[in-house]
Every structure is written in C-alpha cells, then in structure tokens.
Amino acid sequence: MEEVDRILIHSLKQAGTDIDEDVQSVKQFSSELIVEAVVRCLRVIDPGLGSGLSPTLPPGMSARFRLGMSLAQACQDLGYKGEIGYQTFLYSNEPEIRSLLMFLVEKLPRESAEASDQPAGKSVLLQKAIAAQIKAQLALPWLPPSCRLPLHRKTQSPGLCHSFRAQPLSLPYSQKASTKKQAKEVKEYWREHLVPVTSQPSHRASILASLLENHVSELSAAQEWENEWNSQGLLSRLTPEDYRSRKRARLQKRIEEQLRAAAQPRPDTHGTTRSTSDLAELLNSFGGTTTGGDVLTKGTRFTHAEKFTFTQEPEKAAQQMAAAASALPSSHQSEEDLKAQQEAELSGLQQQLQQLSVQMEEVGGDIRQLTVSIHQVSDELKQRELSNSEKEDTVRVKKQTIDLLPDAENNLVKLQSLVEASAKRVVHLAAQWEKHRAPLIDEHRRLKELCSNREMESSRKLSEIKDLHDKIRQSAEEAKKKEGLYKQLITEYETLPKDVSRSAYTMRILEIVSNIKKQKEEITKILSDTKDLQKEINGLTGKLDRTFAVTDELVFKDAKKDESVRKSYKYLAALHENCTQLIQTIEDTGTIMREIRDLEEQIETENGKKTVSNLEKILEDYKAIRQENSALAAKIRDG
Amino acid sequence: MIKLLEKITPTESLKFLHRVVDGLCGRSYPRRIEYGEAWSLTEFGELTNSLSKFFTVAVGRKCSDQEVQELLGDLDSAHAAVVLQCVHARQEEIRLSLVDRTNGISSTQLQDFNWQIKLALSSDKLSSLNTPLLNLSLDMKENGLQRAVNIEMNKEELQTLISALEAANKVVLQLK
C-alpha cells in the first residue's frame, strides 16, 4: 500500500495540491487535505465542474455539509461507482478515500503522454529551436559596442542596414542581347570597356541583389517563352522567329487600335483636338516604323558601315599616291628623289602583288573547275565500264547458243534430260528439306514456349522485386520515423524530472507480479490438496457405508437366532449413530470457526473505519449544528 | 556642348562615354573628381546632360550614321568616330533602358520591392503566438518622387494579395 500511496501523493502534487513533506500515506490525510486534493483534481479534469468548488473547508458546519454533498455529486458525475456521500469527505476512512483518489488520478488528463506518442512535426522542432536560441540570447547580458567579443557581435550588432536593392547590369551573352551575330564594336566594348560585374553596381551591397534579379528575370522570361511556345507556338507550325514577328505585329495592331479608340476626337471639346491630332501623328509614325521592320534598317546601317570602312582606305591611299606623284617632279633634292623612287617602287610592287593575287585567284578558280570536270569524267568512265561488262556477259551467252545450234536435236534432248535431272534433284532436295524442317520447327516452337515462360517468370520476378522495393522504402521511412521518435523521446526523457524513479517502480511491480504468481501456485496446490482430501473422505464414507451395510446384514441374520448377537447388533447401531453425530459436530465446528474468522475480519475493518472517533466527531458536529440552528432561531426571534 | 569632349583624348573619351551610357542605363554616372582637371563643375554637368540627351535621341530615333554626325555638329572627326563607336556598341542596351522608361508611363510605378519574413513567437498577451508575418516594402515612384510603402501582412492577407496579383497577371496574359 505504501507504493500506491506514494504514487498517489506524487500525482496529487502535480495536479496542484499542497501536501506537506511528512504526509507519507493516505492514512495521514486530514479532511481539509482530502477536500483540497479532490477539488484540485476535479479542476484539472473538468474546469467547468471544479471551478464552483472551493479547495478549503469552510468554518460553518452546514456549509461543510453542503460542500461535501456537492463534491460527492461531482465525483458521481465523473463516473465514480463506489459508495460516496458527504460522510466520505468529512468522516473519512482510509480504503474509501484511497479508492476515490485512485479513481480521480486515473481520470487526470495525460496530454503530455499522448502528445509524445506521435513524432513532433518539423515546425514544432524548429519553433523549439528558435525559442531555445532566443532564450540563450536573452540570457546574455547587453554590452556596449566597444566591449563586445566576436561572440556577441553576431547577436547584438544591429544587423545589415542597407536594403536589398537591384540595379540593371550589363552582361555579354545574356538573353536580352540575343545570340545573333554581334557587331564588331559591341565585341570590342565587351573586350575593352566592360567592367567586371562585381564593380558595376554603385554600391557593393547591391551586387548580390542585382545578380539575383538579373538571373531571375532571364529565367522567368525563358520559362514563359518556353511555356508559350509549347502551348501555342508549336500548334501554329511556324518557326520561332516567324511566330515572334507575327505576335509582335498582332500586339502592335492591337495597341494601335486601343490608342485610336481612346483618341477619337470629341466634337464638344476644342482643347483636346490639338493633342489628339498630335497623337494621331504619333500613331502614324508608330505605324510607319512598325511596318518597316527594324531588322531592315539595321541591316542597311551595317552594310553602310561596311562599305564606309572598306571603301575609304583605298581612296585615301589613292589620294596619298596622287599627292606623292605631284610632289615628285617639283623636288630635285636627292633625298626626296630617293623617297619618291622608293614609293614608286613600293607602289609597283604593290601593283605586282595585286596582279599576282588576282592571277592566283584565277588559277585557283581554274583548278576548281578542272577538278569538278575530272570528277564528272571519272563517274562517266565507271558507268561505261559497268555497261561494258554487262554487254560482254550477253555476248558470251549468245555465243554459246550459237555454238550449240548445228547439232540442234541432240542438244535439245540432252538439254531436256538435264532439265529433268535437275527437276528431280530439286524434288529430292525439297523432300530432304522437309525432313529437316519438321524437327527444326518443333524445336523452334519449344524454344519459343520456353522463352515466353521465362519472360513471364521474369516479369513476375520483376513485379516481386518492385514490391520488395516498395516495402523496403516503406520500412526505411518507418524506421526513419521511429528513429526520430526515439531521439525525441530520449531528449524528452532526459529533460524529465528524475524524482520518480521508474526503475524502482518497475522492480516493485515485477516483484509483486512474481509474488502473485507464487501465491497463485500455492493456492492451486492447496485447492488440489483439498480436492484430494474430499475425494478420500468420499471414498472413506462410501467404504464405511458399505461395510456397515454388510456388517448390519450379517449381524441382523445372526441376531434372530442368538440373544448375545442381538445385543451386539444394538451396540453396533448405537455406535454408528454416535459416529455420525460426531462427524456432524466436527463439521459444524468447522463452519462456526469460519464464521468466527469472518466476523473477526469484519470487526477489524470496522475498527479501521475509525468509527468511534468519527462518531465522536459526528456528535460534536451535531452539537455544532444545533447550536447554529438555535443561534439562527434566536436571531429570528430577535429580528 | 558636346564639343567640350575635345578636352580629353579620344581613348579617354571613349571610356568616359561608356560611363555616361552606364549612367543612362541605371548605374552610376562618371564621377567629376576623376575628370576634375579637364572640366569645371558646370561644364561637366552640361557635358553629361547633353551627352545623355544625345544618346537618347540617337538611339530612340534610330538615327543613321550621317544623322548622328549631324547631331554631333562640329566635333572633330576623331572624337566623332569615338562617339559613333560608342553608339554602335551600346545601342541595344540603351534601347532596352529607353523601353523600360517608356513602360513606366503611368503616374505611379513600382521601382523595386523587397520582402522579409518574420516569425512572431509571442506577443504581450500570448506566450506562444507562432504567426509568420511578411514585411513587404515597395519602392514607388509617384510623379517623379520616390516613395516607400511598407506593408505587414499575415498569412491570410498575403493570400489575398497573391490572388489579386494572379488575377491581374491573367488579364495581362489575355491582352497578349
């Protein structure tokens, strides 16, 4: 009972009852303590039910009575089956109180136990971690900035102040500047003047933001285009460029229409006419530029530029040449002479070079032509050779037939016999082929069947393997879950208060269980002993009855003849009767003894109920109530 | 005004021009300190302004080379060639930035946005709140003035905002 009491007291303490350290068992509970414990438990179990009850006993006797009644009612509402009334609380006896408290403690909600049955979600763990972190940070004392260690700087510095703001970047090979051929100037710009992307934004802090922004915009544009192309573009069966240009034209038309509709000149307002006409002009220009595709203008510009750069240099050279030529006759100094000579030589050489290169090109063209013609000729040659060989074959056949012509009849017969022989051979061969074919086909069929069997088996095995894989995955997941649960439970177990030693309880429980087992064994042994005894007794009584009957008969027969035998018969009958009486008496004694033991037990339990003290208490309380009543009556009389 | 460009050599001026285009495209303009010896403050301002205008016009109207030359006026040929090269090199980029500007045709535009997610663990009344909150800050340009708008939203409000934006996006897609 001590163990039970300790567990009860521990649970009651957790429910909020204030129990002194020296109270060790339910026997020591006073009425006040009982009432408090019950009320606290009721409040935890059902706040609506317990809130109307006060945990302290009131001083007035009638109020006490009422509280006892309402407590008993509440316990019955909760489903308590035992006998309960105001007397349970006010005039307590140990076993009743114990059973009541056990019932209440069992009814206490076990949220924590239920909650820990399932693995907590990730969010709960995260929140726990955040809460722990914040708690740790709050525990650190604040330090002025100059005294902070690197450890504190992380948590106590004001953090990043600048905002996350993006700026446009200039990147080569991006999506915006598409992959079409770039002009020379653009390439030069990329090579010479484009600063690295890390130094492009004006603030260092916005590098990351700008890069992310750039990337995201390009990515989303690419995705959108892909979506559109897959959903609509492919259906239109156009090339991407065509589709784009068509879409652009459609959009421009639409915008134009919208603007035109918005810019309809209204007759009632004069001020707007001018602006609308401006808008109309703008629209015209808009339409003009749209129809003339910017690709075209761009193309012309580039061709212009090319022409410009390529034609300018020869002109310049020619001008210089002319200048040099005019300068030649006017100067007679040797140096100038030499220079002029050299220049003339240079120009001559350049001309020669140009001539040579022109010649080279001509010759190259000739060579190309010639190689092409060679190819053609060789092709022709091959064809001719082929036809030649064919013709030769036909000629040979014809020649043979011509040779055979003179002795035509003989040859005909010979030919016929040859033909017949070959026909026979063919038939023979076919028969042989059939002979070989039948077993081969059978073999083929057999193999095919085998193959299909194998295939079926393999597919079956495959499905089995798949099932196994599924199972493995499931079990792995389950194992993971269980592991998580285990870890969580371990941490929770570590955080649990250690005042209740579980192992002691389990040891005790195991001990009790083994004791009970032993007792059960003993009981069964005793029961079997009793049964044996009963059997023996029955056997003996039967034997006795039989022997008595036999003896009785024998003696009765002789008794008619002999007087002394008659006497002994009488004695026998008396002896039998006495013995029966004796046995009856012994049995009666046994039952009476049992009754006595029962009664003694009853007396003990009645003694345990503190009847005398309770009766005294009841008497006192009765007196108190009478006093109260008389006081109240006096008050009424006075009033 | 563009004639002021002749105060530095063509190679230097090419670099300078690229920086001006950078500024036009939303990055930083060249700093005056670096060119303090060449121009005074007013000269520098006028030069950058007129160069920006020139680039806008030259790319916006899709001028041919000759028209560009005419726009440049009496700039000497070496510098003019450099300017032309710069225009050719940066044409696409300038065009994109101009398109961007044209897109912002309405009186109020969204320039940039930023968001932060916060988890309110508890409040003054509740010990455990655990409500995620989104802090959305929008950088608006209203009639040429910068204005920052900060909104704090809980989950439901954010859902409403997102559904409204999705509906708007659907309308835009239908326009396409």
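In the predicted model, B:Thr108 stands opposite B:Glu142, a residue of β2(B). In total, β1(B) and β2(B) are joined by 12 bridges. The two strands run antiparallel, and β2(B) covers residues 131-142.

These strands belong to an open sheet of chain B. Three strands form the sheet, and their order is β1-β2-β3. The pairing is antiparallel. β1 (108-120) and β3 (145-153) of chain B are the edge strands. Each of them pairs on one side only. From one strand to the next, the twist averages 15°.

Chain A gives 27 residues to the contact, and chain B gives 22 residues. On the side of chain A that touches chain B, three helices each supply at least two residues: α8 (122-139), α10 (184-192) and α14 (294-330). The largest share on this side comes from α14(A), with five residues. By residue class, the side of chain A that touches chain B holds 12 nonpolar, nine polar and six charged residues.

How values were computed:
Residues are numbered from 1 along each chain as its sequence is written. Chains are lettered from A and ligands numbered from 1 in the order in which they are written. This is a predicted model: local features need pLDDT of at least 70, side-chain atom pairs count only at pLDDT 80 or more; totals for chains, interfaces and linings use all residues. Two residues are in contact if their C-beta atoms, placed from the backbone, lie within 7 Å. Helices (H or I, at least four residues) and strands (E, at least two) are DSSP runs, numbered from the N terminus. Ala, Val, Leu, Ile, Met, Phe, Trp, Tyr, Cys and Pro count as nonpolar, Asp, Glu, Lys and Arg as charged, and the others, Gly among them, as polar. Two strands pair if DSSP finds at least two bridges between them. Axes are lines fitted to C-alpha atoms, for helices over the stretch in contact, and angles run from 0 to 180 degrees between N-to-C directions.
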